[in-house]
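Hi,

Here is the structure I promised to pass on.

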Amino acid sequence: MRIITKIALASALALSTINASDVLATVNGVAINKDYVNNVLKAQGKEFDKLPKEKQKEIVNKLIERELLAETAKKAGIEKDSEYKKALENFKKDLLIRVWMDKLYKRTLISDSEANDYYQKHKDQFKIPEKIHARHILVKTEDEAKKIIEQLKGLKGQELKEKFVELAKKKSTGPSGSKGGDLGYFSKGQMVKPFEDAAFALKKGTITTKPVKTQFGYHVIYVEDIKPASVADFKDVKQSIIAKLRQEAFAKKIKEAINNAKKDAKIESTVVDLNNSK
């Protein structure tokens, strides 16, 4: 959708309406206003007033220099130069296409009902895999892991969790030890397989009864919570569906416009096979 070069963008933005109250600088009577600067910054997701003062000065200085260079180029007669005229014609075409595409995109709208219809027919795309919230205690030897398991045997509920957190902070050599061994929520495919297999085999509120060996050492695992596999709610994915359908509809309109234009156009090419071009 963004068929535009940096020079095209800069030239197009020069069309911004001048607001005298927002003038940041003038160069030989030519105003550089805040609306213009914000249009330049929009592509970067920035806003002039929210930038640090030093950054604001840097931007305005660059635009002052740009205006001075433009005047210098004019005085050098570049506006009459054949290369400039060719580049300007190409720029006009790019700008013409860009403005037309922007307007077409704004008119390409997707309703909530269209999005919901897509959601209902493609729920498999919005599946959320089973996730577990686990903690672990990592030690160097199997004997150490067995001793920890012995200390935890017979404990249940909050008592088990508190003791596990206490031992993780004291004994775990892993980076999560200071957090009571907390690994947060994760789904299958995010942990090394021996650890994953053991963790996902546990029920909520239970620990591994045997040490789990991985390349990192020996683990004692505690599953704090389980979130079963589910499908994301429509409200949580609606905007992403609308964006997807809108882009697809927009691309289809562009393709249709090109095909319609080709029907009435006289095109000759020594490079492109027009009968089979896509």
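**What I found**

The protein exposes about 18,900 Å², and carbon and sulfur atoms supply 53% of that area (accessible areas come from the Shrake-Rupley method with a 1.4 Å probe, and for residues only the protein chains shown count as cover). Please keep in mind that this is a predicted model: local features need pLDDT of at least 70, side-chain atom pairs count only at pLDDT 80 or more, and totals for chains, interfaces and linings use all residues. Residues are numbered from 1 along each chain as its sequence is written, and side-chain values use heavy atoms, with hydrogens and water left out.

**Overall picture**

There are 9 helices and 9 strands in the protein (DSSP runs numbered from the N terminus: H or I of at least four residues for helices, E of at least two for strands). The radius of gyration is 31 Å, well over the 19 Å that the globule rule gives for 278 residues, so the protein is more spread out than a compact globule (the radius is taken over C-alpha atoms, and the rule is 2.2 Å times the number of residues to the power 0.38). Along its principal axes, the C-alpha trace spans about 90 × 55 × 40 Å. Buried residues make up 31% of the 278 (buried is under 20% relative accessible area, exposed over 50%, partly exposed in between, with a 1.4 Å probe and protein chains only). Of the contacts between residues at least 6 apart in sequence, 64% join residues at least 24 apart (contact means heavy atoms within 4.5 Å).

Valine 23 has asparagine 33 in β2 as its bridge partner. The two strands form a hairpin with 2 residues between them. Asparagine 28 sits in that loop and has a positive phi of about 50 degrees although it is not a glycine. For background, most residues other than glycine have a negative phi. Asparagine 28 is also exposed, at 63% relative accessible area.

**Helix α6 and what follows**

Which residues of α6 are buried? In this helix (residues 142–152), they are Ala145, Ile148, Ile149 and Leu152. They cover an arc of only 100 degrees around the axis, which puts them on the same side of α6 (the arc is that of the directions from the helix axis to the C-beta atoms). These buried residues pack against β4 (131–139), α7 (157–171), β6 (206–207) and β8 (217–227). On the face turned away from the buried side you will find the exposed residues Asp143, Lys147 and Glu150.

After α6 comes glycine 154, with a positive phi near 90 degrees. Leucine 155 is in the loop between α6 and α7 and is partly exposed, at 21% relative accessible area. Leaving aside neighbours within four places in sequence, leucine 155 is in contact with Leu160 and Lys163. Leucine 155 and valine 60 are 95 residues apart in sequence and 67 Å apart in space, C-alpha to C-alpha.

**Threonine 214**

This residue is in strand β7 (residues 212–214) and counts as buried at 9% relative accessibility. Not counting residues up to four places away in sequence, threonine 214 touches Val192, Pro194, Phe195 and His219. With histidine 219 there is a side-chain to side-chain polar contact of 2.7 Å (a pair of N or O atoms within 3.5 Å; within protein, one must be able to donate a hydrogen and the other to accept it, and residues adjacent in sequence count only if both atoms are side-chain atoms).

Cheers

How values were computed. Pairing = 2+ DSSP bridges.
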